[in-house]
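Reader: Before I plan anything around this model, I would like to go through it with you, one question at a time. Could you begin with the terms?

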Amino acid sequence: MLRRTETRRDALVPAACVAVLALVAIGAVLAQLLPQLDPLRADFQAPLRPPGPEHWFGTDATGRDVFARTLAGGASSIVVAAMTVAVGLVVGGGLGVLAGFARGWVDALIGTLLDVVLALPGLITVMVVVTMVGPGRLTIGALIGLIMVPAFARIARSATLTVRGQEFVQAARIMGAPPLRIIGSEVVRCVLPAVAAYSFTAVTVAIVAEGSLSFLGFGLAPPTASWGGLIAEGRTHIATAPWICLAPAAVLCATVLAVNVLGERWGRSRP
Amino acid sequence: MLRRLAASALAAVTLTACGAPAAAPSGPSGPPVPGGTITIGINSEVSTLDPAANEIAAQATLVVAHALYEPLFTDGPGGALEPRLAESLTSEDLRTWTLSLRPGLTFSDGSPLDAQAVVDHVARLRDPESQCQCAQLAAEITDMAAADATTAEFTLAEPNAGFPRYFTRQLGMIASTTARADDGSPLGAGPYRLESAARGSSLTVVRSEHYQGTPGHADTLVFQFLPDTDSRYQSLASGAVDLAWIDTPNLIAQARGEGRIVAVANASTATAVLNTRTEPFDDIRVRQAVQAAIDREALLAVVDQGQGVVAEGPILSRSPYASGTRHPEFDPERARTLLAEVGEPVSFAYTTDSRPQSMQRATAIQQMLGDVGITMTIDVVDTATWGTRLYDGDFAAIEFVTSAYADTDAVLGIFAPDATGNFGGYANPEVGELVEQGRGSVDEAARREIYAEVAQRVVEDAPVLFFTESPAGFAAAPHIGGMPDLSDRNVISLLPSELWTAR
C-alpha cells in the first residue's frame, strides 16, 4: 500500500513538473505567434485592470496584458537559460575534460584561470559588461554561462579523472589512439551524464540571474518582456495592482521549482 | 443636545470631504511642537553644499538649500516671488536693479551677511572658472556694487524681466566667501547649519543660533539620500523617514489613500528634446510627424494616471504669462502624410533614465510612433550617463523632465540659438530675437504678447516635444505638522523650518 502511493507520487511529481515546463514553453512560442497575445501592445484606455475574462492576469500600468507579457517573459528566460547551458557545457565541460585528461601544466593553468573567474562577483561582472556592450538575450545568456564555467569545468574534470585511469582508456592509449580521439569516443561519453545533471542547476541559476538583472535594470531593454523586468515594473504598483508583480513571480517560481525537482530526479536515477 | 448633534454631523460631513482622495489631510492638529528630529528622504546624493556645485539647486534638493542658506527669494503662489533673506529687488528699466536685504543678517558663524557679501557671492559664481550652471546667467551682470550695508545695485548688459528669479536658486543661496566652517563646508545664513555629513548616505543639520528670522521648529533635520523611487517611498511607509520626495503619480495617489500629507504641484514638465543637428530630426517634417503622432492625453492618463495636465508648450498653464499656446493636435493621419513627404523610413533611439514613469512614457510613445510607421528604440541609461548625453548633445531624442519651465522668462532663453540649455541645437534666429525683445520689454502686456509668439513658434517648429505637466513634491507621515499647500506653485519650495513633528 505504502509502496503504491510512493510509486504514484514518484510518477506524478515529475509529470507535473514536465507539464509546467511544457506550458511555459508552449506559452512562450504562442506569445511569439498569436497576434492576440502581443506582449507589447498596450490599450491606453485600460491601464491597471484587475484580472478578468478579458485579461486573465489583468493589465499593467500602461494597459498591456500581463498574461501575454508573462508568457513572452518565458521566451526570454528560455533563451537565456539555453545560452547559459550551451556556454557552460561547451566551454566549461571542454576545459574540465582537457584539464583532467592532460594533467600537468595544462591542468594548473586551467585551474588558475577558473579560480580567477570564481573570484569575480558574478552579477556585478555581468552588470559591468552589459553596461559596456548593451543588453540582449544572447549577451546576457552567454555572460551568465561564462560565470558558470568554473562549476561545469570542475565537475567535468573530476569525472574525467575517474575515467582516465580505467582499463578501456588505458587500452585505447596502448593501441595508439590519438588523445583527441580517446577524449571524443571514450571520455566524453562517461563525463556527459554528470555534467548534464548539473545543467538543471545551471538552468535555474540562469533564470534567477536573468530575473535579478532585469529587476535591477541591467537586463533586457524595455519593452522586451522578461520575468524580472515585469516584477520590477510591477513593484511600484504592488499596493494597488499586485497582479502585475505576482503573475510573473508565481510563474518564475513554478518554473525554477519544476526544473530543480526534475534535476534532482535525474541525478538520483543515474547509476 | 440637538445643536451638538448637528455640529457633530457637520463635522462628520467635513471629515468625509477631507477623506476624499483629492484633498490632502492636514496633519496633526494644535500649535507647532518645538524640538525633535525630522528625517527627509531626497532623490540624490548631496556631496557638497557649495551652491556653485549645483547639487542643491535641483527641485528635489532645494529643500537642503532652504535649510542651510534660505535663498534671497523663493517661488510663491501663482509664479510670484516671496522674499526671504531679501526684502525686495526692483527696477525701473529692467536693466539696473536694486536689491534690499533684511537688516542684521548673519551667517551661521555670526559674521554679517551684508550687501558686499551678496556681491562677492555672485562674483564667485560668475567667474568663468565656476562650475555653476548659473554662470551664464550671472554673466549678464556687467556691473555690481554694494551701496550700503543692506543695498546692492546690479546693472545688466540687456534688460531682463526675469532677473529676480535668478535669486531663487544658486545665485540667491548666499555662501560666505570669507569664512568656512571648521570642516571646510561653506557657511550660509539659513535657519539650520551643518552638523555632520555621512558620505553617500545622509546630511545632518541643526538649528542655527545666528539665524535672524523665525527659528525652525525641529532641533535637527536629517537629509537621507535615497535615489530609488520605490525604496524612498517604502522608507516613508516604514517610518525610516518622515518626509520623502515623490514624483511617481501612482505613489502620490497611494500616499493620499494611505493618509499621508502630500504637498505636491504640477511642478515637473515632461518633455523630450530632439536633436535638430542630425538625422532624422534635422528635418522639421519628421519632428512635426513625431509630435502629431503622440497622444498627450493618453500619456497623461497612462503615465500620470490622470493627475497633472497636458503640457501645451514652453509656457506652463499656471505661469503668469500663460497665453493659451495652440499646440498641434494629436493627428496620426497628418503624421503619416508628413512621413510620406519625407519618403524615407524614420527610426531613432530615445534616451531615458530608468525611473518607472520614464520607462512607461517611453514604451507608450514607442507604440504611438509605431502606429504611424516610425521605429523607435528605447535606450535606458543611468542618470549620470543621461546627464552627460544631454549636455554633450549625444542623442537623437532624449527625455527631459524638468522644473525649469516654471520660470518662463529664463526658460524661453534656451530656445535662442547659442543658449547653454539649447541641448538639441535648435536654431531659429527669429525666436532668439523675439526672446531678447520680450525680456527687455518693460511693458508687461507687450512682453506677454512676445512670449506668446515665441511659445507658438516653438511648438510649431517642434525642437522639444511637450508631454505633460506632472505632479511632484513631498509626502509626509501623519505626525508631521506645517506641511504647506503647494498646489498653486510652479516650483516645489518647501521650507523645512516651518515643519514640526508631533513625536
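Author: Helices (H or I, at least four residues) and strands (E, at least two) are taken as DSSP runs and numbered from the N terminus. The model itself is predicted.

Reader: In which loop is the place of Glu70(B)?

Author: Glu70(B) is not a glycine, yet its phi is positive, at about 50°. This residue has 26 C-beta neighbours inside 10 Å and therefore counts as buried. As for its place in chain B, Glu70(B) belongs to the loop between H2 and strand S2 (73-75).

Reader: Does Asn54(B) count as buried, partly exposed or exposed, and why?

Author: Asn54(B) is a residue other than glycine with a positive phi, near 70°, and is found in the loop of chain B between strand S1 (37-42) and helix H2 (62-68). A residue is buried if 20 or more other C-beta atoms lie within 10 Å of its own, exposed if 12 or fewer, and partly exposed in between. Because Asn54(B) has 16 C-beta neighbours inside 10 Å, the class that applies is partly exposed.

Reader: What is the value of omega for the cis peptide bond at Pro280(B)?

Author: Pro280(B) has its place in the loop of chain B that runs between strand S12 (261-274) and helix H7 (284-293). The bond in question joins Glu279(B) to Pro280(B) and is cis, with an omega of about -5°.

Reader: What is the order of the strands in the open sheet of 4 strands in chain B, and which strands stand at its edges?

Author: The sheet is open, its pairing is antiparallel, and the order of its strands is S4-S5-S7-S6 (chain B). At the edges each strand has a single partner strand, so one side of each is left without a neighbour in the sheet; in chain B these are strand S4 (86-90) and strand S6 (141-148).

Reader: What is the average twist from one strand to the next in that sheet?

Author: The sheet concerned is the open one of chain B with 4 strands and antiparallel pairing. From one of its strands to the next, the twist averages 15°.

Reader: In the hairpin of S8(B) and S9(B), which residue takes a positive phi?

Author: Strand S8 (residues 192-198) and strand S9 (residues 202-207) of chain B pair in the antiparallel sense over 6 bridges, and in S9(B) the bridge partner of Ala197(B) is Leu203(B). The hairpin has 3 residues between its strands, and the residue with a positive phi, near 75°, is Gly200(B).

Reader: How many residues does H10(B), which gives the most, supply to the side of chain B that touches chain A?

Author: The contact brings 20 residues of chain B together with 16 residues of chain A. On the chain B side, the elements that each supply at least two residues include helix H5 (229-238), helix H6 (249-257) and strand S15 (375-380). By class, the residues of this side divide into 10 nonpolar, 9 polar and 1 charged. The contribution of H10(B), the greatest to this side, is 8 residues.

Reader: What distance separates the centres of domain 1 and domain 2 of chain B?

Author: The domain assignment of chain B gives domain 1 as 37-185 + 477-501 and domain 2 as 266-471. Their contact takes 18 residues from domain 1 of chain B and 17 residues from domain 2 of chain B, and on the domain 1 side there are 5 nonpolar, 7 polar and 6 charged residues. Taken over C-alpha atoms, the centres of the two domains of chain B are separated by 29 Å.

Reader: How many helices and how many strands does chain A have?

Author: An unreviewed UniProt entry lists residues 74-263 of chain A as "domain: ABC transmembrane type-1", and over those residues the chain is 85% helix and 0% strand. Of the 271 residues in chain A, 43% are buried. For chain A as a whole, the count is 9 helices and 0 strands.

How values were computed:
Residues are numbered from 1 along each chain as its sequence is written. Chains are lettered from A and ligands numbered from 1 in the order in which they are written. This is a predicted model: local features need pLDDT of at least 70, side-chain atom pairs count only at pLDDT 80 or more; totals for chains, interfaces and linings use all residues. Two strands pair if DSSP finds at least two bridges between them. Axes are lines fitted to C-alpha atoms, for helices over the stretch in contact, and angles run from 0 to 180 degrees between N-to-C directions. Two residues are in contact if their C-beta atoms, placed from the backbone, lie within 7 Å. Ala, Val, Leu, Ile, Met, Phe, Trp, Tyr, Cys and Pro count as nonpolar, Asp, Glu, Lys and Arg as charged, and the others, Gly among them, as polar. UniProt positions are given in the numbering used here, feature names are shortened, and annotations may be inferred rather than shown by experiment. Domain bounds come from an automatic or database domain assignment.
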